[in-house]
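I opened my notebook to look through this model piece by piece. Here is what I looked up, in the order I went.

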Amino acid sequence: MTLLGALRKHPRVRALARRHVGALLARARTWANVDSALRLLAEDRNRPVAFGACGDELLDLLYWQPFVRWAQQTFGFAPDGAREPVTVPPEPVLALVDEYRSGEAAPRPLLKRTRHVPSGGRAEAAIVPWSADAVRGVLGGAPTIAIVGEDAVEADLDLALRVAADLGESLTFLSERHLTRLLQALRGPGAELQWDSGS
Amino acid sequence: MPTDHPEFVHPSQPGAAERLIAEAVESVRRAGGHAVVGPWLGEVGFEVLYWIPFLHWLFERHELDPQRVTVVSRGGAASWYEGLCGRYVDVFDHVSPDDFRRQTLELWAETGGLQKQVAVRAWDERVLDATLGEGWREGALLHPQLLYRLFRNVWQGALPIRDFLERAVHRPWRPPDPTVDLPADFTAVRFYFRDSFPDTPENRQLVHDVVGRLARRRPVVLLDTGVVVDEHVDAEPPPGEKILRPLAGVDAAHNLAAQSAAVARAQLFVGTYGGLAHLAPFYGVPTIGFASDTREINPVHLTVARRTAVVYDTPLAVVSAGAYDVLEAA
(Lines give C-alpha, C1' and ligand atoms only; values in the text may rest on other atoms or scores of the structure.)
Protein backbone atom coordinates (compact mmCIF):
# COMPACT_ATOMS: atom_id res chain seq x y z
CA MET A 1 0.00 0.00 0.00
CA THR A 2 1.35 3.45 -0.84
CA LEU A 3 1.78 6.09 1.82
CA LEU A 4 -1.09 8.06 0.32
CA GLY A 5 -3.28 4.97 0.34
CA ALA A 6 -2.44 4.31 3.99
CA LEU A 7 -3.17 7.91 4.88
CA ARG A 8 -6.53 7.77 3.17
CA LYS A 9 -7.53 4.81 5.30
CA HIS A 10 -6.46 6.41 8.60
CA PRO A 11 -9.51 6.99 10.83
CA ARG A 12 -8.53 10.55 11.67
CA VAL A 13 -8.01 11.42 8.03
CA ARG A 14 -11.37 9.93 7.17
CA ALA A 15 -13.03 11.85 9.99
CA LEU A 16 -11.49 15.03 8.63
CA ALA A 17 -12.65 14.17 5.12
CA ARG A 18 -16.16 13.56 6.44
CA ARG A 19 -16.28 17.12 7.76
CA HIS A 20 -15.57 18.34 4.23
CA VAL A 21 -17.69 15.84 2.35
CA GLY A 22 -19.66 18.65 0.74
CA ALA A 23 -16.49 19.87 -0.95
CA LEU A 24 -15.62 16.31 -1.97
CA LEU A 25 -19.04 15.87 -3.56
CA ALA A 26 -18.86 19.24 -5.27
CA ARG A 27 -15.59 18.16 -6.86
CA ALA A 28 -16.90 14.71 -7.83
CA ARG A 29 -16.19 14.05 -11.49
CA THR A 30 -16.93 10.34 -11.54
CA TRP A 31 -19.42 7.96 -10.01
CA ALA A 32 -16.53 6.46 -8.05
CA ASN A 33 -15.99 9.88 -6.43
CA VAL A 34 -19.63 9.95 -5.38
CA ASP A 35 -19.40 6.39 -4.05
CA SER A 36 -16.34 7.33 -1.99
CA ALA A 37 -18.07 10.33 -0.46
CA LEU A 38 -21.13 8.28 0.45
CA ARG A 39 -18.92 5.54 1.91
CA LEU A 40 -17.26 8.15 4.10
CA LEU A 41 -20.63 9.36 5.36
CA ALA A 42 -21.78 5.82 6.07
CA GLU A 43 -18.77 5.20 8.31
CA ASP A 44 -20.08 7.65 10.90
CA ARG A 45 -22.70 5.57 12.69
CA ASN A 46 -23.80 8.56 14.79
CA ARG A 47 -24.58 11.00 12.00
CA PRO A 48 -27.66 10.49 9.85
CA VAL A 49 -27.62 11.42 6.18
CA ALA A 50 -30.32 13.39 4.41
CA PHE A 51 -30.69 13.95 0.71
CA GLY A 52 -31.55 17.30 -0.78
CA ALA A 53 -34.49 17.99 -3.03
CA CYS A 54 -34.38 17.94 -6.81
CA GLY A 55 -36.35 20.79 -8.28
CA ASP A 56 -37.16 19.12 -11.60
CA GLU A 57 -40.04 16.67 -11.27
CA LEU A 58 -39.01 14.47 -14.19
CA LEU A 59 -35.35 14.32 -13.16
CA ASP A 60 -36.45 13.65 -9.60
CA LEU A 61 -38.57 10.62 -10.58
CA LEU A 62 -36.26 9.22 -13.22
CA TYR A 63 -32.86 9.82 -11.63
CA TRP A 64 -32.65 11.42 -8.18
CA GLN A 65 -35.17 9.41 -6.17
CA PRO A 66 -33.90 6.09 -7.61
CA PHE A 67 -30.35 7.19 -6.81
CA VAL A 68 -31.29 8.08 -3.23
CA ARG A 69 -33.02 4.72 -2.87
CA TRP A 70 -29.90 2.93 -4.13
CA ALA A 71 -27.60 4.94 -1.84
CA GLN A 72 -29.71 4.23 1.22
CA GLN A 73 -29.92 0.52 0.43
CA THR A 74 -26.25 0.22 -0.45
CA PHE A 75 -24.59 2.21 2.31
CA GLY A 76 -27.02 1.78 5.21
CA PHE A 77 -26.52 5.22 6.71
CA ALA A 78 -26.99 5.89 10.39
CA PRO A 79 -30.63 6.08 11.44
CA ASP A 80 -32.21 9.42 12.31
CA GLY A 81 -30.99 10.53 15.70
CA ALA A 82 -30.32 13.53 17.83
CA ARG A 83 -27.52 14.84 15.66
CA GLU A 84 -28.07 17.13 12.74
CA PRO A 85 -27.97 15.10 9.51
CA VAL A 86 -25.45 15.72 6.77
CA THR A 87 -27.27 16.68 3.59
CA VAL A 88 -26.19 15.26 0.23
CA PRO A 89 -27.17 17.76 -2.46
CA PRO A 90 -28.47 16.49 -5.82
CA GLU A 91 -26.26 18.69 -7.99
CA PRO A 92 -23.11 16.53 -8.09
CA VAL A 93 -25.17 13.46 -8.99
CA LEU A 94 -27.21 15.34 -11.55
CA ALA A 95 -23.99 16.58 -13.15
CA LEU A 96 -23.03 12.95 -13.77
CA VAL A 97 -26.57 12.20 -14.91
CA ASP A 98 -26.14 15.02 -17.43
CA GLU A 99 -23.22 13.15 -19.01
CA TYR A 100 -25.56 10.22 -19.60
CA ARG A 101 -28.34 12.52 -20.81
CA SER A 102 -25.99 14.09 -23.35
CA GLY A 103 -25.51 10.67 -24.93
CA GLU A 104 -21.80 10.69 -24.10
CA ALA A 105 -21.81 8.24 -21.22
CA ALA A 106 -22.77 4.58 -21.09
CA PRO A 107 -25.89 3.83 -19.09
CA ARG A 108 -24.42 1.04 -16.97
CA PRO A 109 -22.77 3.14 -14.21
CA LEU A 110 -26.02 5.03 -13.79
CA LEU A 111 -28.12 1.86 -13.89
CA LYS A 112 -25.95 0.34 -11.17
CA ARG A 113 -26.75 3.28 -8.95
CA THR A 114 -30.49 3.60 -9.40
CA ARG A 115 -33.37 1.57 -8.02
CA HIS A 116 -36.73 2.12 -9.66
CA VAL A 117 -39.54 0.43 -7.81
CA PRO A 118 -43.27 0.08 -8.43
CA SER A 119 -45.27 2.71 -6.62
CA GLY A 120 -47.98 0.30 -5.54
CA GLY A 121 -51.60 0.59 -6.51
CA ARG A 122 -52.69 0.29 -10.09
CA ALA A 123 -52.76 3.33 -12.35
CA GLU A 124 -55.07 3.49 -15.35
CA ALA A 125 -53.75 2.81 -18.84
CA ALA A 126 -53.46 6.12 -20.63
CA ILE A 127 -52.13 8.31 -23.39
CA VAL A 128 -50.25 11.13 -21.69
CA PRO A 129 -47.71 13.74 -22.65
CA TRP A 130 -44.13 12.71 -21.88
CA SER A 131 -43.66 14.06 -18.39
CA ALA A 132 -43.31 13.00 -14.77
CA ASP A 133 -46.93 11.83 -15.02
CA ALA A 134 -45.92 9.29 -17.66
CA VAL A 135 -43.18 7.97 -15.38
CA ARG A 136 -45.65 7.81 -12.49
CA GLY A 137 -47.99 5.84 -14.72
CA VAL A 138 -45.29 3.30 -15.54
CA LEU A 139 -44.25 2.99 -11.89
CA GLY A 140 -47.92 2.59 -11.04
CA GLY A 141 -48.24 -0.32 -13.46
CA ALA A 142 -50.24 1.50 -16.13
CA PRO A 143 -49.76 0.60 -19.79
CA THR A 144 -48.63 4.00 -21.02
CA ILE A 145 -48.41 5.66 -24.39
CA ALA A 146 -46.39 8.82 -24.00
CA ILE A 147 -46.53 11.58 -26.56
CA VAL A 148 -43.14 13.13 -27.10
CA GLY A 149 -42.33 16.56 -28.38
CA GLU A 150 -39.19 17.65 -30.14
CA ASP A 151 -37.72 18.87 -26.87
CA ALA A 152 -37.68 15.42 -25.27
CA VAL A 153 -34.24 14.25 -24.20
CA GLU A 154 -33.55 10.96 -25.97
CA ALA A 155 -31.60 9.53 -23.05
CA ASP A 156 -34.56 10.16 -20.73
CA LEU A 157 -36.76 8.17 -23.08
CA ASP A 158 -34.15 5.40 -23.27
CA LEU A 159 -33.98 5.18 -19.49
CA ALA A 160 -37.76 5.22 -19.15
CA LEU A 161 -37.96 2.30 -21.60
CA ARG A 162 -35.39 0.44 -19.50
CA VAL A 163 -37.34 1.10 -16.33
CA ALA A 164 -40.57 -0.07 -17.92
CA ALA A 165 -38.90 -3.21 -19.28
CA ASP A 166 -37.26 -3.97 -15.92
CA LEU A 167 -40.61 -3.69 -14.19
CA GLY A 168 -42.40 -5.67 -16.90
CA GLU A 169 -44.55 -2.68 -17.84
CA SER A 170 -45.68 -1.39 -21.22
CA LEU A 171 -44.40 2.00 -22.35
CA THR A 172 -44.25 3.32 -25.88
CA PHE A 173 -43.31 6.71 -27.26
CA LEU A 174 -44.87 8.41 -30.24
CA SER A 175 -45.02 11.94 -31.54
CA GLU A 176 -48.54 13.35 -31.73
CA ARG A 177 -48.38 13.19 -35.53
CA HIS A 178 -47.27 9.55 -35.51
CA LEU A 179 -49.91 8.60 -32.97
CA THR A 180 -52.60 10.18 -35.14
CA ARG A 181 -51.24 8.33 -38.18
CA LEU A 182 -51.19 5.06 -36.27
CA LEU A 183 -54.77 5.50 -35.07
CA GLN A 184 -55.90 6.26 -38.60
CA ALA A 185 -54.12 3.17 -39.89
CA LEU A 186 -55.73 1.13 -37.12
CA ARG A 187 -59.26 2.52 -37.12
CA GLY A 188 -59.67 4.28 -40.42
CA PRO A 189 -58.89 7.71 -41.89
CA GLY A 190 -61.61 9.38 -39.81
CA ALA A 191 -60.00 8.43 -36.50
CA GLU A 192 -59.13 11.43 -34.41
CA LEU A 193 -56.87 11.47 -31.45
CA GLN A 194 -58.61 12.45 -28.25
CA TRP A 195 -56.38 12.85 -25.29
CA ASP A 196 -55.62 15.19 -22.49
CA SER A 197 -52.64 17.22 -23.65
CA GLY A 198 -52.25 18.63 -20.18
CA SER A 199 -52.26 22.16 -21.61
CA MET B 1 -31.74 -13.21 -26.24
CA PRO B 2 -29.21 -14.26 -23.62
CA THR B 3 -26.92 -11.23 -23.72
CA ASP B 4 -25.53 -12.34 -20.34
CA HIS B 5 -24.15 -15.46 -22.03
CA PRO B 6 -20.40 -15.78 -21.28
CA GLU B 7 -19.49 -15.44 -24.95
CA PHE B 8 -21.40 -12.20 -25.07
CA VAL B 9 -19.84 -10.53 -22.06
CA HIS B 10 -16.57 -8.80 -22.83
CA PRO B 11 -15.11 -5.68 -21.25
CA SER B 12 -15.00 -2.77 -23.66
CA GLN B 13 -11.51 -1.51 -24.43
CA PRO B 14 -10.92 2.06 -25.61
CA GLY B 15 -10.38 2.10 -29.37
CA ALA B 16 -11.41 -1.54 -29.76
CA ALA B 17 -14.24 -0.74 -32.17
CA GLU B 18 -11.99 1.34 -34.41
CA ARG B 19 -9.41 -1.46 -34.47
CA LEU B 20 -11.99 -4.10 -35.39
CA ILE B 21 -13.38 -1.94 -38.17
CA ALA B 22 -9.92 -1.08 -39.47
CA GLU B 23 -9.00 -4.78 -39.57
CA ALA B 24 -12.19 -5.63 -41.45
CA VAL B 25 -11.70 -2.84 -43.99
CA GLU B 26 -8.04 -3.76 -44.46
CA SER B 27 -8.96 -7.38 -45.14
CA VAL B 28 -11.34 -6.24 -47.89
CA ARG B 29 -8.72 -3.96 -49.42
CA ARG B 30 -6.15 -6.78 -49.38
CA ALA B 31 -8.65 -8.89 -51.32
CA GLY B 32 -8.90 -6.21 -54.01
CA GLY B 33 -12.25 -5.04 -52.68
CA HIS B 34 -13.82 -8.48 -53.00
CA ALA B 35 -15.70 -9.63 -49.92
CA VAL B 36 -18.32 -12.08 -48.77
CA VAL B 37 -20.83 -10.63 -46.33
CA GLY B 38 -22.45 -13.26 -44.12
CA PRO B 39 -23.66 -15.86 -43.88
CA TRP B 40 -26.52 -14.31 -41.96
CA LEU B 41 -28.15 -17.26 -40.22
CA GLY B 42 -29.90 -15.53 -37.32
CA GLU B 43 -32.93 -13.50 -36.55
CA VAL B 44 -34.63 -11.05 -38.89
CA GLY B 45 -34.68 -8.40 -36.18
CA PHE B 46 -30.93 -8.15 -35.75
CA GLU B 47 -30.38 -8.34 -39.49
CA VAL B 48 -32.62 -5.39 -40.35
CA LEU B 49 -32.20 -3.31 -37.21
CA TYR B 50 -28.43 -3.57 -36.85
CA TRP B 51 -26.56 -5.54 -39.52
CA ILE B 52 -27.82 -3.87 -42.69
CA PRO B 53 -27.68 -0.25 -41.40
CA PHE B 54 -24.17 -0.98 -40.11
CA LEU B 55 -23.10 -2.39 -43.49
CA HIS B 56 -24.40 0.75 -45.23
CA TRP B 57 -22.32 2.86 -42.85
CA LEU B 58 -19.26 0.65 -43.28
CA PHE B 59 -19.42 0.68 -47.07
CA GLU B 60 -20.07 4.41 -47.33
CA ARG B 61 -17.61 5.48 -44.66
CA HIS B 62 -14.81 3.35 -46.08
CA GLU B 63 -15.80 3.58 -49.75
CA LEU B 64 -16.12 -0.15 -50.29
CA ASP B 65 -17.49 -1.07 -53.71
CA PRO B 66 -20.74 -3.02 -53.31
CA GLN B 67 -20.41 -4.48 -56.80
CA ARG B 68 -17.52 -6.61 -55.58
CA VAL B 69 -19.48 -7.91 -52.62
CA THR B 70 -21.41 -11.17 -52.35
CA VAL B 71 -24.04 -11.37 -49.64
CA VAL B 72 -25.12 -14.72 -48.20
CA SER B 73 -28.34 -14.74 -46.23
CA ARG B 74 -31.39 -16.92 -46.01
CA GLY B 75 -35.05 -16.88 -46.99
CA GLY B 76 -35.10 -14.41 -49.86
CA ALA B 77 -33.58 -11.36 -48.19
CA ALA B 78 -31.98 -10.10 -51.44
CA SER B 79 -33.97 -6.87 -51.64
CA TRP B 80 -32.89 -5.87 -48.13
CA TYR B 81 -29.30 -5.77 -49.35
CA GLU B 82 -29.95 -3.51 -52.31
CA GLY B 83 -26.99 -1.17 -52.69
CA LEU B 84 -24.78 -3.47 -50.62
CA CYS B 85 -23.84 -6.21 -53.05
CA GLY B 86 -23.36 -7.18 -56.66
CA ARG B 87 -24.51 -10.72 -55.94
CA TYR B 88 -26.90 -12.28 -53.45
CA VAL B 89 -26.82 -16.00 -52.69
CA ASP B 90 -29.58 -17.63 -50.69
CA VAL B 91 -28.74 -20.34 -48.20
CA PHE B 92 -32.03 -22.11 -48.87
CA ASP B 93 -31.09 -22.60 -52.50
CA HIS B 94 -28.34 -24.90 -51.21
CA VAL B 95 -29.39 -26.12 -47.76
CA SER B 96 -32.83 -27.53 -47.03
CA PRO B 97 -34.89 -25.71 -44.38
CA ASP B 98 -35.08 -28.94 -42.37
CA ASP B 99 -31.29 -29.29 -42.33
CA PHE B 100 -30.95 -25.61 -41.53
CA ARG B 101 -33.34 -25.83 -38.59
CA ARG B 102 -31.76 -29.01 -37.26
CA GLN B 103 -28.22 -27.61 -37.47
CA THR B 104 -29.29 -24.31 -35.93
CA LEU B 105 -31.04 -25.95 -32.96
CA GLU B 106 -28.08 -28.31 -32.46
CA LEU B 107 -25.70 -25.37 -32.42
CA TRP B 108 -27.83 -23.50 -29.91
CA ALA B 109 -27.83 -26.60 -27.70
CA GLU B 110 -24.02 -26.88 -27.97
CA THR B 111 -23.47 -23.21 -27.14
CA GLY B 112 -25.79 -23.11 -24.16
CA GLY B 113 -28.52 -21.22 -25.97
CA LEU B 114 -26.37 -18.58 -27.62
CA GLN B 115 -28.24 -17.74 -30.81
CA LYS B 116 -25.83 -15.12 -32.06
CA GLN B 117 -23.02 -15.64 -34.56
CA VAL B 118 -20.31 -14.34 -32.24
CA ALA B 119 -17.65 -16.44 -33.99
CA VAL B 120 -17.10 -18.17 -37.33
CA ARG B 121 -18.13 -21.70 -36.41
CA ALA B 122 -17.99 -24.93 -38.39
CA TRP B 123 -21.67 -24.49 -39.31
CA ASP B 124 -20.98 -21.06 -40.84
CA GLU B 125 -18.12 -22.56 -42.87
CA ARG B 126 -20.31 -25.44 -44.07
CA VAL B 127 -22.95 -22.96 -45.19
CA LEU B 128 -20.36 -20.89 -47.06
CA ASP B 129 -18.91 -24.01 -48.67
CA ALA B 130 -22.40 -25.10 -49.72
CA THR B 131 -23.41 -21.71 -51.10
CA LEU B 132 -20.18 -20.39 -52.60
CA GLY B 133 -17.81 -23.35 -52.86
CA GLU B 134 -14.45 -23.22 -51.18
CA GLY B 135 -13.38 -20.10 -53.10
CA TRP B 136 -14.73 -17.83 -50.34
CA ARG B 137 -11.67 -18.75 -48.26
CA GLU B 138 -9.46 -16.83 -50.69
CA GLY B 139 -11.16 -13.48 -50.13
CA ALA B 140 -12.32 -11.28 -47.31
CA LEU B 141 -15.15 -12.36 -45.06
CA LEU B 142 -17.34 -9.82 -43.30
CA HIS B 143 -18.97 -12.24 -40.90
CA PRO B 144 -21.79 -11.25 -38.50
CA GLN B 145 -19.33 -11.76 -35.64
CA LEU B 146 -18.09 -8.28 -36.51
CA LEU B 147 -21.49 -6.85 -35.56
CA TYR B 148 -21.65 -8.74 -32.29
CA ARG B 149 -18.09 -7.90 -31.31
CA LEU B 150 -18.62 -4.24 -32.09
CA PHE B 151 -21.91 -3.73 -30.34
CA ARG B 152 -22.32 -6.37 -27.63
CA ASN B 153 -21.26 -3.81 -25.05
CA VAL B 154 -23.90 -1.43 -26.35
CA TRP B 155 -26.50 -4.15 -25.77
CA GLN B 156 -25.00 -4.72 -22.31
CA GLY B 157 -25.26 -1.04 -21.39
CA ALA B 158 -21.47 -0.72 -21.06
CA LEU B 159 -21.25 1.62 -24.05
CA PRO B 160 -23.67 4.37 -25.07
CA ILE B 161 -26.29 3.61 -27.71
CA ARG B 162 -24.67 6.38 -29.70
CA ASP B 163 -21.80 3.97 -30.46
CA PHE B 164 -24.18 2.02 -32.67
CA LEU B 165 -26.28 4.91 -33.97
CA GLU B 166 -23.21 6.74 -35.23
CA ARG B 167 -22.26 3.62 -37.19
CA ALA B 168 -25.62 3.11 -38.84
CA VAL B 169 -26.88 4.56 -42.11
CA HIS B 170 -30.53 4.17 -43.05
CA ARG B 171 -31.29 4.09 -46.77
CA PRO B 172 -34.72 3.83 -48.38
CA TRP B 173 -35.92 0.24 -48.69
CA ARG B 174 -37.59 -0.76 -51.95
CA PRO B 175 -40.17 -3.51 -51.53
CA PRO B 176 -39.79 -6.66 -53.62
CA ASP B 177 -42.49 -7.45 -56.15
CA PRO B 178 -45.37 -9.45 -54.72
CA THR B 179 -45.52 -13.08 -55.79
CA VAL B 180 -49.13 -13.56 -54.71
CA ASP B 181 -52.35 -11.60 -55.13
CA LEU B 182 -52.91 -9.13 -52.33
CA PRO B 183 -56.00 -7.04 -51.56
CA ALA B 184 -55.79 -3.34 -52.39
CA ASP B 185 -56.24 -2.43 -48.75
CA PHE B 186 -55.23 -4.72 -45.88
CA THR B 187 -53.59 -5.14 -42.51
CA ALA B 188 -50.58 -7.45 -42.47
CA VAL B 189 -50.43 -9.69 -39.39
CA ARG B 190 -47.84 -12.04 -38.02
CA PHE B 191 -48.14 -13.43 -34.51
CA TYR B 192 -45.78 -15.99 -33.07
CA PHE B 193 -44.78 -16.95 -29.57
CA ARG B 194 -41.49 -16.00 -27.99
CA ASP B 195 -40.24 -15.20 -24.50
CA SER B 196 -41.67 -11.69 -24.54
CA PHE B 197 -44.98 -13.01 -25.93
CA PRO B 198 -45.21 -16.53 -24.55
CA ASP B 199 -47.67 -19.23 -25.47
CA THR B 200 -50.32 -18.69 -22.80
CA PRO B 201 -54.12 -18.96 -22.94
CA GLU B 202 -54.27 -15.17 -22.48
CA ASN B 203 -52.00 -14.49 -25.46
CA ARG B 204 -53.84 -17.01 -27.64
CA GLN B 205 -57.07 -15.22 -26.76
CA LEU B 206 -55.44 -11.86 -27.45
CA VAL B 207 -54.34 -12.98 -30.93
CA HIS B 208 -57.84 -14.26 -31.57
CA ASP B 209 -59.49 -11.03 -30.43
CA VAL B 210 -57.07 -8.61 -32.10
CA VAL B 211 -57.14 -10.35 -35.46
CA GLY B 212 -60.92 -10.59 -35.28
CA ARG B 213 -61.20 -6.87 -34.57
CA LEU B 214 -58.77 -5.97 -37.35
CA ALA B 215 -60.68 -8.11 -39.85
CA ARG B 216 -63.88 -6.22 -39.15
CA ARG B 217 -62.21 -3.06 -40.46
CA ARG B 218 -60.33 -4.31 -43.51
CA PRO B 219 -58.98 -7.62 -44.84
CA VAL B 220 -56.21 -9.19 -42.81
CA VAL B 221 -53.30 -10.81 -44.64
CA LEU B 222 -51.59 -13.35 -42.44
CA LEU B 223 -47.90 -13.57 -43.22
CA ASP B 224 -47.58 -17.13 -41.99
CA THR B 225 -45.78 -19.15 -44.64
CA GLY B 226 -45.44 -22.49 -42.89
CA VAL B 227 -41.66 -22.21 -43.12
CA VAL B 228 -40.11 -23.02 -39.73
CA VAL B 229 -36.38 -22.36 -39.37
CA ASP B 230 -36.04 -21.52 -35.67
CA GLU B 231 -37.70 -22.15 -32.32
CA HIS B 232 -40.59 -19.73 -32.83
CA VAL B 233 -44.07 -21.19 -33.10
CA ASP B 234 -46.75 -19.29 -35.00
CA ALA B 235 -49.83 -18.29 -33.06
CA GLU B 236 -52.94 -19.47 -34.85
CA PRO B 237 -55.43 -16.66 -35.56
CA PRO B 238 -59.12 -17.43 -36.06
CA PRO B 239 -60.46 -18.48 -39.45
CA GLY B 240 -62.59 -15.90 -41.21
CA GLU B 241 -63.74 -14.73 -44.58
CA LYS B 242 -61.58 -11.59 -44.38
CA ILE B 243 -58.61 -13.35 -42.85
CA LEU B 244 -56.43 -14.37 -45.76
CA ARG B 245 -53.41 -16.66 -45.93
CA PRO B 246 -51.97 -15.99 -49.38
CA LEU B 247 -48.40 -16.81 -48.30
CA ALA B 248 -49.11 -20.31 -47.02
CA GLY B 249 -46.87 -22.74 -48.85
CA VAL B 250 -44.39 -20.16 -50.17
CA ASP B 251 -41.04 -21.89 -50.54
CA ALA B 252 -38.37 -21.30 -47.94
CA ALA B 253 -35.95 -19.54 -50.29
CA HIS B 254 -38.52 -16.82 -50.95
CA ASN B 255 -40.49 -16.62 -47.72
CA LEU B 256 -38.92 -13.38 -46.46
CA ALA B 257 -39.24 -11.76 -49.89
CA ALA B 258 -42.92 -12.72 -49.98
CA GLN B 259 -43.49 -11.43 -46.46
CA SER B 260 -41.58 -8.22 -47.22
CA ALA B 261 -43.65 -7.63 -50.37
CA ALA B 262 -46.85 -8.01 -48.38
CA VAL B 263 -45.73 -5.96 -45.37
CA ALA B 264 -44.55 -3.12 -47.58
CA ARG B 265 -47.98 -2.84 -49.25
CA ALA B 266 -50.03 -3.01 -46.07
CA GLN B 267 -51.78 -0.07 -44.46
CA LEU B 268 -50.73 -1.38 -41.05
CA PHE B 269 -48.63 -4.17 -39.60
CA VAL B 270 -49.73 -5.85 -36.37
CA GLY B 271 -47.97 -8.76 -34.71
CA THR B 272 -45.51 -10.01 -32.17
CA TYR B 273 -42.82 -7.49 -31.30
CA GLY B 274 -39.56 -8.55 -32.98
CA GLY B 275 -38.67 -9.70 -36.50
CA LEU B 276 -41.24 -8.29 -38.88
CA ALA B 277 -42.27 -5.57 -36.42
CA HIS B 278 -38.73 -4.28 -36.87
CA LEU B 279 -38.95 -4.66 -40.64
CA ALA B 280 -42.26 -2.90 -41.34
CA PRO B 281 -41.09 0.63 -40.38
CA PHE B 282 -38.31 0.35 -42.99
CA TYR B 283 -41.12 0.34 -45.58
CA GLY B 284 -42.91 3.22 -43.88
CA VAL B 285 -45.73 0.98 -42.62
CA PRO B 286 -47.28 1.96 -39.26
CA THR B 287 -46.55 -0.86 -36.85
CA ILE B 288 -47.98 -2.28 -33.63
CA GLY B 289 -45.82 -4.91 -31.96
CA PHE B 290 -47.12 -6.88 -28.98
CA ALA B 291 -45.06 -7.82 -25.94
CA SER B 292 -46.77 -9.23 -22.89
CA ASP B 293 -43.58 -9.61 -20.85
CA THR B 294 -41.23 -6.72 -21.51
CA ARG B 295 -38.72 -8.10 -18.98
CA GLU B 296 -37.75 -10.52 -21.76
CA ILE B 297 -36.75 -7.69 -24.11
CA ASN B 298 -33.38 -6.01 -24.07
CA PRO B 299 -34.47 -2.36 -23.79
CA VAL B 300 -31.64 -1.28 -26.09
CA HIS B 301 -33.53 -2.98 -28.93
CA LEU B 302 -36.68 -1.02 -28.02
CA THR B 303 -34.70 2.19 -28.13
CA VAL B 304 -32.96 1.42 -31.43
CA ALA B 305 -36.25 0.26 -32.97
CA ARG B 306 -37.97 3.45 -31.82
CA ARG B 307 -35.22 5.69 -33.14
CA THR B 308 -35.07 3.78 -36.43
CA ALA B 309 -38.82 4.16 -36.92
CA VAL B 310 -38.42 7.91 -36.36
CA VAL B 311 -35.71 8.00 -39.06
CA TYR B 312 -38.21 6.41 -41.46
CA ASP B 313 -40.91 8.84 -40.23
CA THR B 314 -43.11 5.88 -39.31
CA PRO B 315 -45.11 5.17 -36.15
CA LEU B 316 -44.00 2.14 -34.17
CA ALA B 317 -45.81 1.21 -30.97
CA VAL B 318 -44.69 -1.68 -28.79
CA VAL B 319 -47.67 -2.49 -26.62
CA SER B 320 -49.22 -4.82 -24.11
CA ALA B 321 -52.87 -5.81 -24.33
CA GLY B 322 -53.72 -2.89 -22.04
CA ALA B 323 -51.90 -0.33 -24.17
CA TYR B 324 -53.53 -1.72 -27.31
CA ASP B 325 -56.95 -1.23 -25.71
CA VAL B 326 -56.00 2.40 -25.16
CA LEU B 327 -55.18 2.75 -28.87
CA GLU B 328 -58.51 1.20 -29.79
CA ALA B 329 -60.35 3.55 -27.44
CA ALA B 330 -58.40 6.79 -27.93
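I began with the domains of chain A, which is divided into domain 1 (3-112) and domain 2 (126-187); such bounds come from an automatic or database domain assignment. I noted that this is a predicted model, where local features need pLDDT of at least 70, side-chain atom pairs count only at pLDDT 80 or more, and totals for chains, interfaces and linings use all residues. Residues are numbered from 1 along each chain as its sequence is written, while chains are lettered from A and ligands numbered from 1 in the order in which they are written.

Next I looked up how far apart the two domains sit: the C-alpha centres of domain 1 and domain 2 of chain A lie 31 Å apart. I then found seven residues of domain 1 of chain A in contact with 10 residues of domain 2 of chain A (contact means that C-beta atoms, placed from the backbone, lie within 7 Å). On the domain 1 side, helix H5 (57-75) and helix H6 (91-101) of chain A are the elements that give two or more residues. Helices here are DSSP runs of H or I with at least four residues, strands are runs of E with at least two, and both are numbered from the N terminus. H5(A) gives the most to that side of domain 1, with four residues.

My next entry is on the two chains. How many residues does each chain bring to the contact? I read 36 residues from chain A and 29 residues from chain B. On the side of chain A that touches chain B, the elements giving two or more residues include strand E3 (126-129) and helix H9 (154-167) of chain A. The largest share of that side, eight residues, comes from H10(A).

Then I turned to chain B, where four strands form an open sheet in the order E3-E2-E1-E4, with parallel pairing. Two strands count as paired if DSSP finds at least two bridges between them. Strand E3 (87-90) and strand E4 (140-142) of chain B are the edge strands, each pairing on one side only. I noted an average twist of 25° from one strand to the next; axes are lines fitted to C-alpha atoms, for helices over the stretch in contact, and angles run from 0 to 180 degrees between N-to-C directions.

Looking inside the sheet, I found three bridges joining strand E1 (35-37) of chain B to strand E2 (69-73) of chain B. B:Ala35 stands opposite B:Val69 in E2(B). Last, I saw helix H4 (122-132) of chain B lying across E1, E2 and E3 of chain B, at about 120° to E2(B).

How values were computed
Contact = placed C-beta atoms within 7 Å.
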